[in-house]
Amino acid sequence: MRILKNILVTGGSGFIGSNFIHFLLNGADGFEGRIINVDALTYAGNPLSLADIEEQFGTAAGTAQRYCFEHGNICDRPFIEGIFKKYDIDTVVHFAAESHVDRSIHGPEAFVKTNVMGTFTLLDTARDFWQSEKDALFHHISTDEVYGSLGDTGRFTEETPYDPRSPYSASKAASDHLAMAYSHTYGLPLTLSNCSNNYGPRQFPEKLIPLSILNILEGKELPVYGDGKNIRDWVYVEDHNRAVWTVMRQGKAGEKYNIGGENEWENIRLLYALIGIVSRKAGLDAEKVRASIAFVKDRPGHDRRYAIDCSKIKKELAWKQEVNFEEGLSRTVDWYLSNSGWVNSVRSGEYRRWMEQNYGRR
Ligand code: NAD
Ligand code: DAU
């Protein structure tokens, strides 16, 4: 079992990263170290997602400080080198990315910069800094989208050949290849995980589930791309993060692990389920809400089906999902219902402008 002390979390102010920091500092099994969150605070990163962590474990905690925030870009080599030196980093868990497929179709350049060049900068700095360090670890976070799109049957395994089909997934595939190349060529101690669709608290409301929750509550149209029969495999964010932590502590260097929910849903069926839950909790008429569903123009190159075979991490590292879909959706809806301050803050500024430019009334 690895002992991880000074962990650099990139993208810690985003959806999965902020949940990871909550998970670790709120008592994840075996963690007694310190977290350094490096985040550029793009439209998707929000300091409010970590306000409680900052208060409890940040500068106010004095010498017992276990959480440090550093505002900066992962593509900035001198800045990243400074972070490694200042905090004597022994572990990197690399979440930072441009993460939204639709945005990658409208503007791919930021995806290549952050996802490819940013990952390269981190890998190369780690290689320089760690030299022959045995106890270090770089964990690279990736997605099932690198494997392409499935037909009606089958699931992605760790051996499935890469076949990325959007600028987002192509940039993530490039970063995965760089990560594996640094492990093979330079012996960088590295693990990698490919996960399916996450949902849960603090997810930016451009993604299907939080966008739909808020649109239901606000009486807005519920856009469904194409025929609504595309399938995603949903995993609760805490289950993903527990899997990441398990791989970081026990995974074999040089190996990759698939993580998934084993929970496939057609988008339209998922939306019906969500309408039921939100309507119940908010006292809305579900039938009326259903009438707001609008089948809109499909996403170009829209992948049809994703499904993850996660038997490797289950067998080798004894991980399993703990939160079923109904419970996870219920917790997620509750979180959005009681965090309107967070919602208003992430929807101000750049995001609102982008939505207006690209989607008009949405
Ligand atoms: P997110 O968009 O919510 O958060 C990304 C974070 O990275 C933000 O805080 C942002 O400010 C930061 N960031 C972006 N560019 C940066 C840069 N150049 N330098 C420093 N910080 C930068 O993303 P997410 O959904 O939390 O995804 C996190 C990771 O997990 C990504 O690598 C993504 O590819 C992967 N992933 C996501 C999902 C999912 O369903 N959301 C599933 C599988 C894998
Ligand atoms: O599979 C993992 C990936 O999941 C991650 O790597 C990505 O970072 C993450 O964004 C997510 O990608 P998707 O494209 O699957 O997520 P999104 O929430 O954008 O869309 C989920 C499905 O819902 C997809 O089939 C498109 C559809 N959709 C989405 C939106 C935003 C709609 O029908 N209507 C919508 O308004």
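Which residues come nearest to ligand 2? Among the 23 residues around this ligand, they are Thr143, Asp144, Tyr168, Arg299 and His302. A residue counts as near a molecule or strand if one of its heavy atoms lies within 4 Å of it.

The model is predicted, so local features need pLDDT of at least 70 and side-chain atom pairs count only at pLDDT 80 or more, while totals for chains, interfaces and linings use all residues. Residues are numbered from 1 along each chain as its sequence is written, chains are lettered from A and ligands numbered from 1 in the order in which they are written, and side-chain values use heavy atoms, with hydrogens and water left out.

Polar contacts were examined next. A polar contact is a pair of N or O atoms within 3.5 Å; within protein, one must be able to donate a hydrogen and the other to accept it, and residues adjacent in sequence count only if both atoms are side-chain atoms. Oxygen atoms of ligand 2 take part in several such pairs. A polar side-chain atom of Arg299 lies 2.6 Å from an oxygen atom of ligand 2. For a polar side-chain atom of Arg232, the distance to a ligand 2 oxygen is 2.8 Å. Ser99 uses a backbone N or O atom, 2.7 Å from an oxygen of ligand 2. Alone, ligand 2 exposes 690 Å², and the protein buries 95% of that. Accessible areas come from the Shrake-Rupley method with a 1.4 Å probe; for residues, only the protein chains shown count as cover.

Helix H7 (208–217) and strand E8 (222–225) each give two or more residues to the shell around ligand 2. E8 has the largest share, three residues. Helices (H or I, at least four residues) and strands (E, at least two) are DSSP runs, numbered from the N terminus. The shell of ligand 2 holds eight nonpolar, eight polar and seven charged residues. Here Ala, Val, Leu, Ile, Met, Phe, Trp, Tyr, Cys and Pro count as nonpolar, Asp, Glu, Lys and Arg as charged, and the others, Gly among them, as polar.

Ligand 1 is surrounded by 28 residues, the closest being Ile16, Asp39, Ser99, Tyr168 and Lys172. An N or O atom in the side chain of Ser99 is 2.7 Å from an oxygen of ligand 1. A backbone N or O atom of Ile16 lies 2.8 Å from a ligand 1 oxygen. A polar backbone atom of Ile74 is 3.0 Å from a nitrogen of ligand 1. The protein covers 96% of the 840 Å² of accessible area that ligand 1 has on its own. Strand E5 (137–143) is one of the elements giving two or more residues to this shell. E5 gives the most, three residues. By class, the shell of ligand 1 has 12 nonpolar, 14 polar and two charged residues.
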